[in-house]
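Hello,

Here is the structure I promised to pass on. Please look it over first; my notes follow below.

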Amino acid sequence: LSRPPSPPMDPNRVVRFAMICQPSSAVARKLLGDKILLPPKLLTGLLGKFGRDPLPNPMVFELRNKKARRISHCGVLEFTAPQDG
């Protein structure tokens, strides 16, 4: 099975946000692969940005570590990560 090519990225559907992430040993055991946990407030923000339009599927997130000058991409497993203070 081959997938049709993805349409060009619409800049109006790009959402930028910054988070500080730290792995926890309990969470790390659950996350084996290319998926991450994000806080529920991020999903709320995405739903607000897209309004009645469907969310992109699949959702792909770009992760940047500026200090290490590394970039990676991943999907989201769940929106259940702890909220920041």
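**The sheet**

Strands β2 and β3 run antiparallel and are joined by five bridges. In this pair, Asn65 stands opposite Arg70 of β3. Strands pair here if DSSP finds at least two bridges between them. Helices (H or I, at least four residues) and strands (E, at least two) are DSSP runs, numbered from the N terminus.

Before going on, some ground rules. This is a predicted model, with residues numbered from 1 along each chain as its sequence is written. Local features need pLDDT of at least 70, side-chain atom pairs count only at pLDDT 80 or more, totals for chains, interfaces and linings use all residues, and side-chain values use heavy atoms, with hydrogens and water left out.

β3 covers residues 70–78 and also pairs with β1. Here the strands run parallel, through three bridges. Leu37 stands opposite Glu78 in β3. Taken together, three strands form an open sheet in the order β1-β3-β2, with mixed pairing. β1 (35–37) and β2 (61–65) stand at the edges with a single partner strand each, so one side of each has no neighbour in the sheet. On average, neighbouring strands of this sheet are turned by 55° against each other, direction ignored. Axes for that angle are lines fitted to C-alpha atoms, for helices over the stretch in contact, and angles run from 0 to 180 degrees between N-to-C directions.

**Overall layout**

The secondary structure comes to two helices and three strands. Along the sequence the pattern is α-β-α-β-β. The protein has 85 residues, and 15% of them are buried. Buried means under 20% relative accessible area, exposed over 50%, partly exposed in between (1.4 Å probe, protein chains only). The accessible surface is about 7700 Å², and carbon and sulfur atoms account for 56% of it. Areas come from the Shrake-Rupley method with a 1.4 Å probe; for residues, only the protein chains shown count as cover. Of the contacts between residues at least 6 apart in sequence, 60% join residues at least 24 apart. A contact means heavy atoms within 4.5 Å.

Which residues of α2 are buried? In this helix (residues 40–50), they are Leu42, Leu46 and Phe50. Seen down the axis of α2, the buried residues fall within an arc of 65°, so they line one face of the helix. The arc is that of the directions from the helix axis to the C-beta atoms. An α-helix has 3.6 residues a turn, so residues three or four places apart point the same way. The face of α2 turned away from the buried side carries exposed Thr44 and Gly48. The cover over the buried residues of α2 includes β2.

Leu46 has a relative accessible area of 5%. From Leu46 to Pro56 is ten residues in sequence and 10.0 Å in space, C-alpha to C-alpha.

The largest nonpolar core has nine residues: Ile36, Leu38, Leu42, Leu46, Phe50, Phe61, Cys74, Val76 and Phe79. α2 and β3 are the elements that give two or more residues to this core. The most come from α2, with three residues. A nonpolar core is a set of buried Ala, Val, Leu, Ile, Met, Phe, Trp, Tyr and Cys residues joined through side-chain atoms within 4.5 Å.

**Backbone points to check**

- Gly51 follows α2 and has a positive phi, near 60°.
- Asn57 and Pro58 are joined by a cis peptide bond, with omega about 5°. Pro58 sits in the loop between α2 and β2.
- The hairpin of β2 and β3 has four residues between the strands. Arg69 lies in that loop between β2 and β3. Its phi is near 55°, a positive value in a residue other than glycine. Arg69 is exposed, with a relative accessible area of 79%.

Best wishes
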